[in-house]
Amino acid sequence: MNKKLSLYGILIGIVGLILSHTYRPYIYSHNLFDFHIADVIGSIVCVPSSVLFFLGMSPKYSVKKYTIYSTIIFIIYELFGLMNIHGTFDIYDIIAIIISAFCFYFIYTCLNKKLH
């Protein structure tokens with residue numbers, strides 16, 4: 001168990017929550033266009049935070065597998081919005097989840113190669 005990776009995952013999640021409660025209201029109240037970033041903050045941080053958290057808790061799977069599994073789970077969760085199971089469905093959230101997963105995996109593998 002790598003507690004440092006789990007802590008990084010938790011910290012990324014906390015930053016996402018803070019931004020959702022500060023940045024999003026600021027953008028909305030000032031009627032600014034930020035390319036939907038305020039709308040998808042949670043979707044941007046969900047994959048990196050969950051992958052790091054679960055990788056730190058159990059290195060049973062590779063980063064690639066955790067990234068794929070997390071991406072699929074969060075997309076399915078977003079699709080529940082179509083069935084009114086939770087919130088609202090937003091295609092920008094699905095796009096953000098996919099982009100976030102690719103960026104996270106690319107950055108993680110590049111950093112991992114440099115450190116080893």
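1. Starting with H21: at 62% relative accessibility, this residue counts as exposed, where exposed means over 50% relative accessible area, buried under 20% and partly exposed in between, using a 1.4 Å probe and protein chains only. H21 sits in helix α1, which covers residues 3-29. Its C-alpha atom is 9.9 Å from that of A38, 17 residues apart along the chain.

2. A word on what you're looking at: this is a predicted model, in which local features need pLDDT of at least 70 and side-chain atom pairs count only at pLDDT 80 or more, while totals for chains, interfaces and linings use all residues. Residues are numbered from 1 along each chain as its sequence is written, and side-chain values use heavy atoms, with hydrogens and water left out.

3. Now the overall layout. The protein has four helices and zero strands, so the pattern along the sequence reads α-α-α-α; helices here are DSSP runs of H or I with at least four residues, strands are E runs of at least two, and both are numbered from the N terminus. The C-alpha trace spans about 45 × 30 × 20 Å along its principal axes. Of the 116 residues, 34% are buried. Taking contacts (heavy atoms within 4.5 Å) between residues at least 6 apart in sequence, 55% join residues at least 24 apart.

4. On to the inside. The largest nonpolar core has 14 residues, and V47, V51, L55, V63, F104 and Y108 have the most contacts inside it. Such a core is a set of buried Ala, Val, Leu, Ile, Met, Phe, Trp, Tyr and Cys residues joined through side-chain atoms within 4.5 Å. Helices α2 (41-57), α3 (63-79) and α4 (91-115) each supply at least two residues of this core.

5. Most residues other than glycine have a negative phi. N31, however, has a positive phi near 50°, and H36 has one near 70°. At 71% relative accessibility N31 counts as exposed, whereas H36 is partly exposed at 25%.

6. There's a nonpolar patch on the surface, formed by L79, L82, M83, I85, F89, I91, Y92, I95 and I99, with about 830 Å² of accessible area together. Patches take residues with over 30% relative accessible area and no salt bridge, joining like charges within 9 Å and nonpolar side chains (Val, Leu, Ile, Met, Phe, Trp, Tyr) within 5 Å; a salt bridge is a side-chain nitrogen of Lys or Arg within 4 Å of a carboxyl oxygen of Asp or Glu. Helix α4 gives the most to this patch, with four residues. I85 belongs to the loop between α3 and α4 and, at 55% relative accessibility, is exposed.

7. Last, the cysteines. With a disulfide taken as a pair of cysteine sulfur atoms within 2.5 Å, the count is zero. C46 is in none, the nearest cysteine sulfur being that of C103, 13 Å away; at 11% relative accessibility, C46 is buried. The sulfur of C110 is too far for a bond because its closest cysteine sulfur, in C103, is 11 Å away. C110 is partly exposed, with a relative accessible area of 31%.

Definitions and conventions: Accessible areas come from the Shrake-Rupley method with a 1.4 Å probe; for residues, only the protein chains shown count as cover.
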